[in-house]
Amino acid sequence: MNNYETILIINPNLSSKVADFQKKFEKLLTDNSFEIKKVEDIGRRQLAYSINNHHKGHYLLYRMQGDPKNISEIETKIKYDEAIIRHLILAVKDLSGEDSVLLTEALENKNKKSESAEEPEKAVKEDKKLEESTKEVSDKEDSKDSPTEEEEA
Amino acid sequence: MKKFQLPNNFDYKNTDILKQFITETGKIVPARVTGISASNQRKVTKSIKIARFLALLPYTDMHQ
């Protein structure tokens, strides 16, 4: 039994049908005797570069446990699924039950948007400023993912 | 010298941390500039390369 983390980038045009896709994919995993520990629907996200002329992608993250023999079967299924524009299955040591940074980010963005954009500048800040603002947010939420600061002279 | 924040566990999903270690053109900053330990530099490099594959970070600034 190994621990795996699977990331799928779904065609953004099929974003509305993601629930069906998830059901299908989860069935595929359970059929291959994988135990799904956590599913994260991160949602549509801007891609850093275009993949097959898509500029956005719908990210899904699965944390699962299973037999390494069955991975190849899933890989071939994913390969011929045209809805998936990119995928990666990673073997990981531990499966954390916490939300990933991507999901918390996506939720924050959603909240920001729903707050009717009080501070629209915040979204378009430079890297350094962005770090500071994320620090503030993580301080407020007391998130466990907050990075340690190591200062080097 | 620029300060670099290191996380507890390296995670390809934490792009804010990884963005410190790439230049404006998307290149990975060399260890002699970052000044972090060799082991940490390897972890950073690996995470950046995974994040690039998943389109979380750019390979270059020349993407169309």
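Predicted model: local features only at pLDDT ≥ 70, side-chain atom pairs only at ≥ 80, totals over all residues.
How many of the 9 residues of strand β1 (residues 2-10) of chain A are buried?

1. Residues are numbered from 1 along each chain as its sequence is written, chains are lettered from A and ligands numbered from 1 in the order in which they are written, and side-chain values use heavy atoms, leaving out hydrogens and water.

2. In β1(A), 8 of the 9 residues are buried, so the strand is largely enclosed by the rest of the structure. Buried means under 20% relative accessible area, with a 1.4 Å probe and protein chains only. Strands (E, at least two residues) and helices (H or I, at least four) are DSSP runs, numbered from the N terminus.

3. β1(A) pairs antiparallel with strand β3 (residues 54-66) of chain A over 9 bridges, and A:Thr6 has A:Tyr62 as its bridge partner there. Strands pair if DSSP finds at least two bridges between them.

4. β1(A) also runs antiparallel to strand β4 (residues 84-92) of chain A, joined by 8 bridges. In β4(A), A:Val92 stands opposite A:Asn3.

5. Now the helices: α1 (residues 18-31) and α2 (residues 71-79) of chain A pack at about 155°, their axes 10 Å apart. Axes are lines fitted to C-alpha atoms over the stretch in contact, and angles run from 0 to 180 degrees between N-to-C directions. α1(A) and α2(A) are therefore roughly antiparallel, a term for angles over 145 degrees.

6. Their contact (heavy atoms within 4.5 Å) involves A:Phe25, A:Leu28 and A:Leu29 of α1(A), with A:Ile74, A:Lys77 and A:Ile78 of α2(A).

Terms used: Parallel < 35°, antiparallel > 145°, perpendicular 65-115°, else oblique. Buried < 20%, exposed > 50% of the residue type's maximum accessible area, 1.4 Å probe, protein only.
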